[in-house]
Amino acid sequence: MAMRQTPLTCSGHTRPVVDLAFSGITPYGYFLISACKDGKPMLRQGDTGDWIGTFLGHKGAVWGATLNKDATKAATAAADFTAKVWDAVSGDELMTLAHKHIVKTVDFTQDSNYLLTGGQDKLLRIYDLNKPEAEPKEISGHTSGIKKALWCSEDKQILSADDKTVRLWDHATMTEVKSLNFNMSVSSMEYIPEGEILVITYGRSIAFHSAVSLDPIKSFEAPATINSASLHPEKEFLVAGGEDFKLYKYDYNSGEELESYKGHFGPIHCVRFSPDGELYASGSEDGTLRLWQTVVGKTYGLWKCVLPEEDSGELAKPKIGFPETTEEELEEIASENSDCIYSSTPDVKA
Amino acid sequence: MQTPVTIPVPVLRLPRGPDGFSRGFAPDGRRAPLKPEVPQIQECPIAQESLESQEQQARAALRERYLRSLLAMVGRQVSFTLHESVHVAAHFGATDLDVANFYVSQLQTPIGVQAEALLRCSDIISYTFKP
């Protein structure tokens, strides 16, 4: 029997989710941070979506959020003109880095010693996290607000995107190496270290470029305006989401659309594969994050595949008789939203 | 429609949401026990499994009852007892997924009637209504 995707909805945010990031794989698993216009970024367990904690302190919408590789630190970029660095284990605020305008993007180096920020003041800033009092190094050149800034090439270079350009900078000399121009607004950028691939979305296009030379590799067109896309770690698939509320999964090699999912109630702003590639997370205008299986029906995280022979019946269907609801109605409820029929854990207050 | 018959992938439970009263980061939480190498889903002894499944069924039944009570409340006049002996009444509209906020209308407060409001559930001590 064919299996239907059951997305896992992570609730808790009260405004649109505009950015999300996974950590690397740590001995404790991997983690997920979400940036939200409600100003309260949240840390979650990456494979289950379970809430771990909320970073409290920003006084405005949080536009960007990231975790360092071992998920010991988090960084956030907000509309209150600050970027903040947090202890991701205790939730405490470690540093507040004042800027002159809305901060949109933050990124740690691999060794977590430096933080890159960018925002509406059109400057890239590099903070030495071991010397928080020192002034950051600044790189100017962008002519419109910076939407995304990322370390690349083992932190020797920086990639940054503003409205219509993507630029490559050399870290040591702080000078521009190359740039790409677009005639449509760049909506997102993702950097894949293995293979040095850059994923850029603009309009309905999902484009792949070399992160070293910025030369184009390939691009696909989606049925609707795409706001974010992510390439699977093994580079077999990519996922993308945008203004039509749907998530699309494509074969990276052939460009064939493999799957598409409805489920969100608003445009999708961000989508990322987990570091092990087993799931992808999407953040939406509807205030939720959803986790989706890469291979539908595989047992992983909270998804438990029950094969017909070993079916104890308990997990697939509730054992209690629901007098008012028939099996069909339960299936309906369990379809795209699939939230309603499964009881939640006892520590949820009633 | 020619969609093939499909069943949704079963899930153990939904992701846990915020607890509504703290910022989280429990000290003995995620960092304390290292993940075991082998997933331990299959190995439960039978007795423990049936006790757990009984508990789970009880939780499910209680949860269903509570959700139906919320449905029954929609559109009705509800009296809320809040902290510091504050009492308000309102027409109940809806709750959000985590039951963290109640959406109400015509909220009667000591300082006037609010046409639409969100009541934070962590502020509510109890509420009562007549179906």
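What follows is a talk about a predicted model.

Visitor: What are the overall scores of the model?
Guide: This is a predicted model. Its ipTM is 0.80 and its pTM is 0.75.

Visitor: How confident is the predictor in chain A?
Guide: The pLDDT of chain A averages 89. Of its residues, 87% score at least 70. Residues 310-350 of chain A have a pLDDT below 50. In the model, that stretch still has 71 contacts beyond near neighbours in sequence.

Visitor: And how does chain B score?
Guide: The mean pLDDT of chain B is 84. There, 80% of the residues reach 70 or more. Residues 32-43 of chain B stay under 50. For them the model has 10 contacts beyond four places in sequence.

Visitor: What makes up chain A?
Guide: Chain A has 1 helix and 29 strands. Of its 350 residues, 58% are buried. Take its contacts between residues at least 6 apart in sequence: 42% of them join residues at least 24 apart.

Visitor: Where does UniProt place the "repeat: WD" feature?
Guide: The unreviewed UniProt entry places it at residues 55-96, 96-137, 139-179 and 261-293 of chain A. In the model, residues 55-96 of chain A are 0% helix and 52% strand. The end C-alpha atoms of that span are 13 Å apart. Residues 96-137 of chain A are 0% helix and 50% strand, with end C-alpha atoms 16 Å apart.

Visitor: What makes strand 23 and strand 26 of chain A edge strands?
Guide: Look at the sheet first. It is an open sheet of 4 strands in chain A, in the order 23-24-25-26, with antiparallel pairing. Strand 23 (226-231) and strand 26 (257-261) of chain A each pair on one side only. That makes them the edge strands. Neighbouring strands of this sheet are turned by 20° against each other on average, direction ignored.

Visitor: How do you know that strand 23 and strand 24 of chain A pair?
Guide: Pairing needs at least two bridges. Strand 23 and strand 24 (residues 237-242) of chain A have 5 bridges, in the antiparallel sense. They count as a pair. One of the bridge partners can be named: Ala229(A) has Ala240(A) in strand 24 of chain A.

Visitor: Which strands form the open sheet of chain B?
Guide: Its 5 strands run in the order 5-4-3-2-6, with antiparallel pairing. The edge strands are strand 5 (112-120) and strand 6 (124-129) of chain B, since each pairs on one side only. The twist averages 35° from one strand to the next.

Visitor: What makes strand 4 and strand 5 of chain B a pair?
Guide: The cut-off is at least two bridges. Strand 4 (residues 101-109) and strand 5 of chain B pair over 8 bridges, in the antiparallel sense. Thr109(B) stands opposite Gly112(B) in strand 5 of chain B.

Visitor: Where is the Sm domain of chain B according to UniProt?
Guide: The unreviewed UniProt entry places "domain: Sm" at residues 65-131 of chain B. In the model that span is 13% helix and 58% strand. Its end C-alpha atoms are 14 Å apart.

Visitor: Why are Cys10(A) and Cys36(A) called buried?
Guide: Buried means under 20% relative accessible area. Cys10(A) has 1%, so it is buried. Cys36(A) has 0%, so it is buried too.

Visitor: Is Leu214(A) buried or exposed?
Guide: The relative accessibility of Leu214(A) is 0%, so it counts as buried.

Visitor: And what of Ser85(B): buried or exposed?
Guide: Exposed means over 50%. Ser85(B) has 61% relative accessibility, so it counts as exposed. Ser85(B) also has a positive phi, about 55°, although it is not a glycine. Its place is the loop between strand 2 (77-82) and strand 3 (87-95) of chain B.

Conventions: Residues numbered from 1 in each chain as written. Chains lettered and ligands numbered in written order. Predicted model: local features only at pLDDT ≥ 70, side-chain atom pairs only at ≥ 80, totals over all residues. Heavy atoms only, no water. UniProt positions renumbered as here; feature names shortened; annotations may be inferred. Helix = DSSP H or I, 4+ residues; strand = E, 2+ residues; numbered from the N terminus. Axes fitted to C-alpha atoms, helices over the stretch in contact; angles between N-to-C directions. Buried < 20%, exposed > 50% of the residue type's maximum accessible area, 1.4 Å probe, protein only. pLDDT = per-residue confidence, 0-100. Contact = heavy atoms within 4.5 Å.
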